[in-house]
Amino acid sequence: MTFTIPIDNGDSVKNAEADSQRTLYPYVTGTSIVAIKYKDGVLMASDMGGSYGSTLRYKNIERMKAIGKHSLLGASGEISDFQEILRYLDELVLNDNMWDDGNSLGPKEVHNYLTRVMYNRRNKFNPLWNTLVLGGVKNGESYLGMVSMIGVSFEDNHVATGFGNHLARPILRDEWHADLSFEDGVKLLEKCMRVLLYRDRSAINKLQIAKITEEGVTVSQPYSLKTFWEFKAFNNPTAGAEGSW
Amino acid sequence: MMDLNLDAPHSMGTTIIGVTYNGGVVLGADSRTSTGMYVANRASDKITQLTSNVYVCRSGSAADSQVVSDYVRYFLHQHTIHLGQPATVKVSANLIRMLAYNNKPATVKVSANLIRMLAYNNKNMLQTGLIVGGWDKYEGGKIYGIPLGGTVVEQPFAIGGSGSSYLYGFFDQAWKENMTKEEAEQLVVKAVSLAIARDGASGGVVRTVIINSEGVTRNFYPGDKLQLWHEELEPQNSLLDILNAAGPEPMAI
């Protein structure tokens, strides 16, 4: 049962007051998610930050969650909308379990459900302000896909959201290959996350890496990456060009 | 896709600080310059020299603050020369006097007022907040804040830039008169580091410049050498190190 305060302002396309009921802009946001397929399944990385505009307000937000037995969902964008999606998926998984027929929702099915939800909300001009990454393994087959807030949906061997699109994907295109080991996969994701740390204003140095295999989902403890600042040029960049930066 | 706005003007969303102590001033700043949400330069130098004894911390538009400080450096250079009076008859005495006037360092107050003139007269166009700090033999260490609009305010300490919002409470509690040089520098590094922890527009390394009667010292504190704050963790080389070092079940659901 959902509780919404009943206010009828009429048609929200023509009436400005009715707009107060639809999402206009995001408030607390998560930044990039980066994910790759590897030998045993899928690896996904995200930082634990919730930004409030340019303030790094929350530093312990888990943006990757297990869905059922076979899927892992990562989200960037508005955190409250992500939490709402988790509620929808809870209901989906519950209903699936109630059939008690030995079947369980696989990643393909969850991805399809999310695509329908996101696209239909977009059509009503009331989007869930997220870009979602859905990874999973069922019956030996790995799956990795993405859905955006306007309903664009696709699968690939490696995906990234937000700034990751610009900074992580070129690295992945160069260095990803099939059958990566767990160690190589983690190192590749950490390489991407470090670049994002340097160059994305909303990134924080506290991340988690999650893996999903046939056995299930494990999300690592939060940890920080070392960063490098000892380039000679960084020491005194304006020597000889006073006033520059 | 979010609007990354990579064509946004370069802006030093910033944290800048200037603090007087018993004997001089300490200026501090972060090192992040951003274009929209992209960090265009992660190791910028926002503390700029005007004369040998006066420096300025720059915030706001990178271009505006650069051009203002370039003009002021030029005027101050001329001012230093103007203060010498060309000799006519009494060559030796006047020569000595000219040398004395030519080598007379500019006061901090003069520098601040020159900046004020440019900032105030161009207030509709300039978007830069500055903190001027230096040492001269008449007044010792002085800090002047010059926010948007061109107001000049002499202060025992000044904070500026987007990151300064997070420091007002901190300074209200932590500032005290007559600190030593070490205490003042530690305060500045701690403050910039706290602002970096919360302001997305600030980051990178902490640069400080200490100015006193003995001269100028520049220091550099990279991000990984700073103290850890709430919910920040000790940096590691990789998750693999944690997994290999720890016991049986480090990856928990």
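Reader: What percentage of the 245 residues of chain A count as buried?

Author: This is a predicted model, and residues are taken as buried when their relative accessible area is under 20%. By that cut-off, the share of the 245 residues of chain A that count as buried is 52%.

Reader: Which element supplies the largest share of the largest nonpolar core?

Author: The largest nonpolar core has 29 residues, and A:Val34, A:Ile36, A:Leu43 and A:Ile209 have the most contacts inside it. At least two residues each come from strands E2, E3 and E12 and helices H3 and H4 of chain A, and also from helix H6 (239-245) of chain B. The largest share of this core, eight residues, is supplied by H4(A).

Reader: Why are H1(A) and H2(A) described as oblique to each other?

Author: The axes of helix H1 (residues 79-98) and helix H2 (residues 107-123) of chain A come within 12 Å and cross at roughly 135 degrees. Angles of 65 to 115 degrees count as roughly perpendicular and those over 145 as roughly antiparallel, and the two helices are therefore oblique.

Reader: Which classes of residue make the contact of H1(A) with H2(A)?

Author: H1(A) contributes A:Ile85, A:Tyr88, A:Leu89 and A:Leu92, while H2(A) brings A:Val110, A:Tyr113, A:Leu114, A:Val117, A:Met118 and A:Arg121. Sorted by class, the contact has no polar residues, one charged and nine nonpolar.

Methods: Residues numbered from 1 in each chain as written. Chains lettered and ligands numbered in written order. Predicted model: local features only at pLDDT ≥ 70, side-chain atom pairs only at ≥ 80, totals over all residues. Heavy atoms only, no water. Axes fitted to C-alpha atoms, helices over the stretch in contact; angles between N-to-C directions. Helix = DSSP H or I, 4+ residues; strand = E, 2+ residues; numbered from the N terminus. Parallel < 35°, antiparallel > 145°, perpendicular 65-115°, else oblique. Contact = heavy atoms within 4.5 Å. Nonpolar A, V, L, I, M, F, W, Y, C, P; charged D, E, K, R; others polar. Core = buried A, V, L, I, M, F, W, Y, C linked by side-chain atoms within 4.5 Å. Buried < 20%, exposed > 50% of the residue type's maximum accessible area, 1.4 Å probe, protein only.
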